[in-house]
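Biologist: Hi, could you walk me through this one? I'm new to reading structures.
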Amino acid sequence: MSAQLTRLPPAMVFSDLDGTLLDHHTYAFDSALPAIEQLSKHAIPVIPTTSKTMSEVQKLMADIGIDGPFIFENGAGIAIPVDYLPNKPLETALESAFFVMSFAPPRQQWQDLLTSLASSYADEFESFSTMTLSRIAELTGLNEEDAKLAADRKFGEPVKWLSTPSRQNAFIQTLIEHGAEPLIGGRFIHISTACNKGKAMQWLVQEIEQQFHQTGITSVALGDGNNDVDMLELADIAVRIPSPVNHRPQLKRTHNLFDPVGFGPIGWAEAIEQILSMLTNEVN
């Protein structure tokens, strides 16, 4: 698919990556490729919408064979190729070959905060910005090449807690008092403000409609985790991909909601086939 829009797309597919377009265990995506090809034939772009970094997403998109915009770091940023839209979107910054829209403070703000807290919590935490690549690889299970991409963050700062749960609670409270909205994940505490995949999705749809002076893009969101709930609730069509390790995200909506049977890219392709059939019938 060309990385340049020449007309308003009929739909846009906003997809989480890990556990959704990528298999939870193997990160394979082969099962989704025929569905991606069908989307391409209908001029429907696939927009990765993920917690991964900008660098990680660029590599994955090249591997999968898709291009265009993407949403990264849980909605903190949107990267739009400079030749994708007729005009530069307002309030975006030029970074390499992308216009980047930011919805969160820069990473440096949280690095400075952690530096100021280091003496109060001596030897109780370590952050990505202070770790070696081999240490990040050890903690994440990534190889060093991929660990380097994961460390290349623009907005948040992951922290590994090394002390007791009670001290962690005190640390979290201190972060909140300094304006952070930390998220406790499986491996790390993610220091940032609360970001929203749904808000980023809506912004991109509205920007494209505005630039083409038309409305009517159907937003399709696919995800398997709780950080996908915002975009699943806000999209015109939502797909909850089943996970081998977690329950499907709980949603308030019941309309235009698909629950495929297959895990990861198998369920992804199953749902996209159904949705394409529905959208094609609506057009006809």
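Biologist: Which residues do ring pairs link into a cluster?
Modeller: Phe-70, Phe-72, Phe-98 and Phe-155 are linked into a cluster by ring pairs. Before we go on: this is a predicted model, where local features need pLDDT of at least 70 and side-chain atom pairs count only at pLDDT 80 or more, while totals for chains, interfaces and linings use all residues. Residues are numbered from 1 along each chain as its sequence is written, and side-chain values use heavy atoms, with hydrogens and water left out.
Biologist: OK, and what counts as a ring pair?
Modeller: Rings of Phe, Tyr and Trp (its six-membered ring) pair if their centres lie within 6.5 Å; planes under 30 degrees apart are called stacked, over 60 edge-to-face, and the rest tilted.
Biologist: How many aromatic pairs does the structure hold?
Modeller: Nine aromatic pairs. One of them is Phe-70 with Phe-98, which is edge-to-face, with 5.6 Å from centre to centre and 75 degrees between the planes. Phe-70 sits in strand β3 (residues 70–72) and Phe-98 in strand β6 (residues 98–102), so this pair ties together parts that are 28 residues apart in sequence. The strands and helices I name are DSSP runs numbered from the N terminus (helices are H or I, at least four residues; strands are E, at least two).
Biologist: Is Phe-70 buried or exposed?
Modeller: Phe-70 is buried, at 0% relative accessibility. Phe-98 is buried too, with a relative accessible area of 11%. Buried means under 20% relative accessible area, exposed means over 50%, and partly exposed is in between (1.4 Å probe, protein chains only).
Biologist: Switching to charges. How many salt bridges are there?
Modeller: The count comes to 11 salt bridges, taking a salt bridge as a side-chain nitrogen of Lys or Arg within 4 Å of a carboxyl oxygen of Asp or Glu. One of them joins Lys-197 and Asp-16, whose closest N and O atoms are 3.2 Å apart.
Biologist: Where do those two sit?
Modeller: Lys-197 is in helix α7 (residues 197–211), and Asp-16 is in the loop between β1 (11–15) and α1 (33–41), so the bridge ties together parts that are 181 residues apart in sequence. Lys-197 is buried at 1% relative accessibility, and Asp-16 is buried with a relative accessible area of 6%.
Biologist: Which residues are linked with them in a network of salt bridges?
Modeller: The network is made of Asp-16, Lys-197 and Asp-228.
Biologist: What about the bridge between Asp-63 and Lys-59, how far is N from O there?
Modeller: That one is 3.4 Å, N to O. Asp-63 and Lys-59 are four residues apart in helix α2 (residues 54–64), so about one helical turn separates them. Asp-63 is partly exposed at a relative accessible area of 43%, and Lys-59 is partly exposed at 32%.
Biologist: And which residue does Arg-167 bridge to?
Modeller: Arg-167 bridges to Glu-124, with the closest N and O atoms 2.8 Å apart. Arg-167 lies in helix α6 (residues 165–177) and Glu-124 in the loop between α3 (107–117) and β7 (125–127), so the pair connects parts that are 43 residues apart in sequence. Arg-167 is partly exposed at 31% relative accessibility, whereas Glu-124 is buried at 10%.
Biologist: New topic, helix packing! At what angle do α4 and α5 cross?
Modeller: Helix α4 (residues 133–140) and helix α5 (residues 144–151) cross at roughly 95 degrees, and their axes come within 9 Å. That makes α4 roughly perpendicular to α5. The axes are lines fitted to C-alpha atoms, for helices over the stretch in contact, and angles run from 0 to 180 degrees between N-to-C directions. Under 35 degrees counts as roughly parallel, over 145 as roughly antiparallel, 65 to 115 as roughly perpendicular, and the rest as oblique.
Biologist: Which residues make the contact?
Modeller: From α4 there are Leu-133, Ser-134, Ile-136 and Ala-137, and from α5 there are Glu-144, Ala-147, Lys-148 and Ala-151. Contact here means heavy atoms within 4.5 Å.
Biologist: Last one: what is the phi of Glu-73?
Modeller: Phi of Glu-73 is near 50 degrees, a positive value in a residue other than glycine. Glu-73 is in the loop between β3 and β4 (77–81) and is buried, with a relative accessible area of 5%. Glu-91 has a positive phi too, about 70 degrees, but Glu-91 is exposed at 69% relative accessibility.
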